[in-house]
Structures are given as C-alpha cells and as structure tokens.
Amino acid sequence: MRIDDFFQESPDTGNPWDSQETELNAELLTQLAQGAAPDPKPLETALSLTRFVREEFEAFGTEPAGLRISEEEARAALRTLRLVLQRQGIEFKRPWLVALIASTPETCTTGAPYPSGDPLDAQGDLLLFLTEPSDDTPWSTLTPFDGVRSAPDDGPLPFDATAVSDE
C-alpha cells in the first residue's frame with residue numbers, strides 16, 4: 001500500500017471547470033483500524049501509514065498550506081496507525097508529549113496572582129523560557145516577567161541562540 005492509497009477522488013461537483021480533488025479515504029482507515037481491510041502485506045501497510053501520518057504532522061507544524069487532511073482526520077489516522085502497529089506486535093510510541101505549563105505568579109504583589117494578566121494567555125506563537133518541573137509540578141516560566149515572549153513573525157530569534165554547555 002502506498003500513501004496515495006489513503007486518498008480517493010472527491011465526488012464530482014458537476015462543474016467541468018473544477019479540478020478533481022482528493023480526500024482522505026475514511027472508510028479505508030476505519031477498515032484498517034478494525035482489521036477488516038483486505039491487507040496481504042500488513043507490515044508494508046503499517047510502514048505506509050506511518051509515513052503518511054508523519055508527513056501530515058510535519059506539514060501541520062511547518063507548512064500548513066501543504067496539509068491534505070483536517071485535524072480530526074489526522075487524529076483518526078494516528079489512532080488507526082496505533083491499532084495497525086499493535087496488531088503487528090509493534091509498540092506505538094507517540095513522537096511528542098503534552099506538557100503542563102504554568103506561569104510563575106507575581107508573588108510580591110497583593111491581589112490577583114497576575115495583575116497584568118497571565119502571560120500564557122497571549123495570542124500568537126510564543127517563546128517560552130521554562131524551569132524543569134520537580135515531582136508532580138508542571139513546567140513553569142522562569143520569572144513572572146521574563147518567561148514569555150512573542151515569537152517574531154519573520155523567523156529569526158530576538159536573541160543569540162548559541163548553545164552553552166554545562167561541561
């Protein structure tokens with residue numbers, strides 16, 4: 001099975017000027033998830049599905065214009081991948097983890113913990129400067145004032161990103 005096999009032509013709109021587009025074959029994903037799809041080479045299918053999911057999630061994070069499926073369809077493809085791999089005896093490990101992050105409150109002030117508003121409630125992409133959690137505490141911003149910065153729209157970071165070794 002190839003990545004293109006996970007797609008099918010969209011129903012014809014009746015307009016001869018429309019280009020024929022493709023859409024995710026949700027029925028095939030459902031059959032694969034249930035183990036009901038005719039699949040003579042299940043390991044090749046698992047590999048193709050892995051490549052497909054990786055490509056879509058990579059596009060989601062780097063080139064949203066290149067996405068071919070919706071967020072809901074991406075979740076369905078990821079669930080299908082997990083089930084297909086489990087049937088083959090392959091452990092599924094998520095390539096990311098969800099992290100809990102808390103703003104460090106302004107503890108030297110009276111009243112609300114964030115008199116100027118929670119810095120994590122900002123709009124747009126953010127640069128976070130965090131301290132590592134201990135035990136069951138979440139990641140937290142370094143200070144109430146310097147833990148969150150707006151990410152620049154043009155790409156370069158607003159500081160020197162030279163790595164420094166502890167050694």
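This report walks through the helices, core and sheet of one predicted protein model.

## The model and its rules

The structure is a predicted model, with residues numbered from 1 along each chain as its sequence is written. Local features need pLDDT of at least 70 and side-chain atom pairs count only at pLDDT 80 or more, while totals for chains, interfaces and linings use all residues, and side-chain values use heavy atoms, with hydrogens and water left out.

## The chain as a whole

The chain holds three helices and seven strands. These are DSSP runs, numbered from the N terminus: helices are H or I with at least four residues, and strands are E with at least two. Along the sequence the pattern reads β-β-α-α-α-β-β-β-β-β.

The chain has 167 residues, and 20% of them count as buried. Buried means under 20% relative accessible area, exposed means over 50%, and partly exposed lies in between (1.4 Å probe, protein chains only). The accessible surface of the chain comes to about 12400 Å². Carbon and sulfur atoms hold 52% of that surface. Areas come from the Shrake-Rupley method with a 1.4 Å probe; for residues, only the protein chains shown count as cover.

Take the contacts in the chain with a separation of 6 or more: 49% of them join residues 24 or more positions apart. Contact means heavy atoms within 4.5 Å.

## Helix α1

Helix α1 covers residues 26–34. Its buried residues are L28, L29, L32 and A33. Seen down the axis of α1, they fall within an arc of 135°, so they line one face of the helix. The arc is that of the directions from the helix axis to the C-beta atoms. The face turned away from the buried side carries E27 and Q34, which are exposed. Just after α1 comes G35, with a positive phi of about 75°.

Why can one face collect such residues? An α-helix has 3.6 residues a turn, so residues three or four places apart point the same way.

## Helix α3

Helix α3 runs over residues 71–87, which makes 17 residues. From its first C-alpha to its last it reaches 25 Å, close to the expected 24 Å. The expected span is 1.5 Å times one less than the number of residues. Buried in α3 are A74, A77, L78, T80, L81, V84 and L85. Seen down the axis of α3, its buried residues fall within an arc of 165°, so they line one face of the helix.

E71 also belongs to α3. This residue is exposed, with a relative accessible area of 52%. Its C-alpha atom is 8.8 Å from that of F60, eleven residues away along the chain. At 43% relative accessibility, R87 is partly exposed. R87 touches L32, A33, Q34 and G35, leaving out residues up to four places away in sequence. R87 and A33 are 54 residues apart in sequence, yet 9.6 Å apart in space, C-alpha to C-alpha. After α3 comes G89, whose phi is positive, near 75°.

## The nonpolar core

Which residues have the most contacts inside the largest nonpolar core? They are F6, L49, F52 and V53, in a core of 19 residues. A nonpolar core is a set of buried Ala, Val, Leu, Ile, Met, Phe, Trp, Tyr and Cys residues joined through side-chain atoms within 4.5 Å. Helices α1, α2 (42–62) and α3 each supply at least two residues of this core. The largest share, six residues, comes from α3. Neighbours within four places aside, V53 is in contact with A77, L78 and L81.

E56 lies in helix α2. Is E56 buried or exposed? E56 is buried, with a relative accessible area of 4%. Not counting residues up to four places away, E56 touches L67, R68 and I69.

## The open sheet

Three strands form an open sheet in the order β3-β6-β5, with mixed pairing. Strands β3 (101–102) and β5 (130–131) stand at the edges, each with a single partner strand, so one side of each is left without a neighbour in the sheet. Two strands pair if DSSP finds at least two bridges between them. Two bridges join β5 to β6 (residues 139–141), and these strands run antiparallel.

In that pairing, L130 stands opposite T141 in β6. T141 is buried, with a relative accessible area of 2%. Beyond its neighbours within four places, T141 is in contact with residues including A102, S103, L130 and V148. T141 and T131 are ten residues apart in sequence and 6.2 Å apart in space, C-alpha to C-alpha.
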